[in-house]
Amino acid sequence: MNSKTLFYIFKRILLALLTVWIVITITFFATRAIPGDPFAREGKALPPQALAAMQEKFGLNKPAGEQYVDYLKDIVTELDFGMSLKKDGRSVWSIITDGMEVSIQLGLMAAAVAVVFGVILGSVAALRRNKFLDKIIMVFTTAFVSMPSFIVGTILLLVFSQMLQWFPANGTTWKGLVLPVITLAMYPMAYITRLTRSSMLDVLGQDYIRTARAKGVSAPMVIFGHALKNSLIPVITYLGPMLAYIVTGSLVVEQIFAVPGIGRAFVSSITNRDYPLIMGTTIVLATLIVIMNLISDIMYKVVDPRITLE
């Protein structure tokens, strides 16, 4: 790894830190601007004395600027996101780690399904260009690209859980994760299929592919040894945004299938006005997204040494 690549990585890390800081700042002051009492229980406000005591306990009686500075100090020095306002006795970090354990499993399985099936279907479509199989694959991928994840999840839930009863309606077991994984994988799989097909068709028309065939190189070696490797560069480019999509898409999917992940915790924190949990989940999700994009950029160089990182 040369000095230019190291400098690029260092520059991207600084940019990532700046991005996360901006997200923290905007989210912090946006949550404080939301009207309503975060300590209200079942729509009933606390008595004034009890409310004042709770605000003092969580530091909400201080000016917003002072709260912001204290929060940044806790994150930088101790990686402390504070205590949840709604889940008594639980730290935000413990809630996030419990949710991330499930969400990471869900996301990795969905990503693996999307990449494997997307590359296979895209390659088949390219090799069978304008044939019946190619047209069928393109019809289905167009449909899945156009269909939001909550529609796909609802249909899968009704058909395979309610009507056929093949899978449970919640994602609390391994069997219950099948439908959420398929739901999250559908859009990126369809996109990767179309991306792989387009890239493969472009690569198959290159001079070095024709030269390899003229030299008598076997068809499998031409396809898998030359064409597929170079056609995967756009797919790798998409991996960062794809993982970001899966992370953000899981917010809705986890609600539909009652998956106890970070997405479900994030949605409930907003409805409950749980400021520390909103901040903690937002920071973790934003950090994951910038890390995914950084890894994706570095992978360009690994796959294709001709690419220069600037």
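1. Does Tyr191 count as buried, partly exposed or exposed? At 33% relative accessibility, Tyr191 counts as partly exposed, because that class lies between buried, under 20% relative accessible area, and exposed, over 50%, with a 1.4 Å probe and protein chains only. Tyr187 is likewise partly exposed, with a relative accessible area of 24%.

2. On the basis of the note: this is a predicted model, in which local features need pLDDT of at least 70 and side-chain atom pairs count only at pLDDT 80 or more, whereas totals for chains, interfaces and linings use all residues. Residues are numbered from 1 along each chain as its sequence is written, and side-chain values use heavy atoms, with hydrogens and water left out.

3. The protein has twelve helices and zero strands, where helices (H or I, at least four residues) and strands (E, at least two) are DSSP runs numbered from the N terminus. Buried residues make up 39% of the 310 residues, and of the contacts (heavy atoms within 4.5 Å) with a separation of 6 or more, 72% are between residues 24 or more positions apart.

4. Tyr187 and Tyr191 both lie in helix 7 (residues 178-204), four residues apart, or about one turn of the helix. The structure holds seven aromatic pairs, among them Tyr187 and Tyr191, whose rings are stacked at 6.4 Å centre to centre with 25 degrees between the planes. Rings of Phe, Tyr and Trp (its six-membered ring) pair if their centres lie within 6.5 Å, and planes under 30 degrees apart count as stacked, over 60 as edge-to-face and the rest as tilted.

5. Phe28, Phe29, Tyr68 and Tyr71 form one aromatic cluster. Arg32 lies over the face of Phe28, at 4.0 Å from the ring centre; for such a placement, NZ of Lys or CZ of Arg must be within 6 Å of the ring centre and within 35 degrees of the ring normal.

6. Helix 6 (residues 149-163) has 15 residues and should span 21 Å at 1.5 Å a residue, which agrees with the 20 Å between its end C-alpha atoms; the expected span is 1.5 Å times one less than the number of residues. Helix 6 bends by about 25 degrees at Leu157, the bend being the angle between axes fitted to the seven residues ending there and the seven starting there. Leu157 is also one of the buried residues of helix 6, which include Val152 and Leu156.

7. Asn130, in the loop between helix 4 (92-127) and helix 5 (132-146), has a positive phi near 65 degrees and, at 54% relative accessibility, counts as exposed. Most residues other than glycine have a negative phi.
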